[in-house]
Amino acid sequence: MSSIVPFTSETPFDKVLADIREKGWSITDDFFSDEMVEALMSDISDLDNSYMKQAGVGRSLDHQVALERRRDYIRWIDPVNPARSAFLNAMGELRLEFNRRLFLGLWDYEAHFARYEEGAFYEKHLDAFKGKSNRVLSTVLYLNENWEEGDGGEFVLFDENDEHKELGRFHPKKGRLAVFLSEEFPHEVLKAKRTRHSIAGWFRVNNNIQNNLDPGQ
Ligand SMILES: O=C(O)CCC(=O)C(=O)O
Ligand SMILES: [Fe+2]
């Protein structure tokens, strides 16, 4: 076990759970302790692009790199050091809370670091298509110190019933956590004007689609 204290609040999950129950999405600042977010940021900052891969779109055999649609570098997270272990454990606790209090039956959680270099973006998309994916809830934790107006890279969330109606634009600022229903909410990442770091993740159910447990992308 690591010695990183993940949360500062005594009741870290309440707001996220209430938001998801009421509207299906949540933006929460300071969900994790500064210590946790800073450990994750220093971890990803040390990763050279050559240890990451150009992200693609589509799953499994349909998977392809599509630079006109997204331009981030990713690295999947395994519990190989204290920061990554603490993060996966904390998200595991959140998973259990979702199951206890909202009966979502979430089976596991997968996540990757993402790096958007200057000029990178991710066009509007859904993280899961109905009946085609095990992804139920998407999460994005932002790691960037001092993100300012003009730095671009906003996360834009759209209405579940009208993909042209914006629900909000959010800076990818340090410690901010976005959570939303993967099949319901279109979203995009606007062009970043400086390097932008985050951790994107998905809580999944075990639908056993085509005898495959949703292979990582
Ligand atoms: O980084 C973000 O704000 C969103 C990333 C995203 O939509 C994804 O990786 O699927
Ligand atoms: Fe997404």
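I began with the UniProt record, which places the feature "domain: Fe2OG dioxygenase" (unreviewed entry) at residues 97–205; such positions are given in the numbering used here, feature names are shortened, and annotations may be inferred rather than shown by experiment. I noted that this is a predicted model, in which local features need pLDDT of at least 70 and side-chain atom pairs count only at pLDDT 80 or more, while totals for chains, interfaces and linings use all residues. Residues are numbered from 1 along each chain as its sequence is written, and chains are lettered from A and ligands numbered from 1 in the order in which they are written.

For residues 97–205 I looked up the end C-alpha atoms, which lie 15 Å apart, and the make-up of the span, which is 6% helix and 43% strand (helices, H or I of at least four residues, and strands, E of at least two, are DSSP runs numbered from the N terminus).

I then listed what surrounds ligand 1, taking residues whose C-beta atom, placed from the backbone, lies within 6 Å: Ala114, Tyr122, Asp127, Val140, Phe155, Pro172, His187, Val189, Ser198 and Ala200. The elements that give two or more residues to this shell are β10 (187–189) and β11 (196–204). By class I found 7 nonpolar, 2 polar and 1 charged residues around ligand 1 (Ala, Val, Leu, Ile, Met, Phe, Trp, Tyr, Cys and Pro count as nonpolar, Asp, Glu, Lys and Arg as charged, and the others, Gly among them, as polar).

Next I turned to helix packing. Helix α2 (residues 34–45) packs against helix α3 (residues 82–102) at an angle of about 130°, with the axes 9 Å apart; axes are lines fitted to C-alpha atoms, for helices over the stretch in contact, and angles run from 0 to 180 degrees between N-to-C directions. That makes α2 oblique to α3, since angles under 35 degrees count as roughly parallel, over 145 as roughly antiparallel, 65 to 115 as roughly perpendicular and the rest as oblique.

The crossing of α2 past α3 is left-handed (the near helix is turned anticlockwise from the far one by less than a right angle; clockwise would be right-handed). Met36, Ala39, Leu40 and Asp43 of α2 make the contact with Ala83, Arg84, Ala86 and Phe87 of α3, where contact requires C-beta atoms, placed from the backbone, within 7 Å. I counted 6 nonpolar, no polar and 2 charged residues there.

Note on methods:
Two residues are in contact if their C-beta atoms, placed from the backbone, lie within 7 Å.
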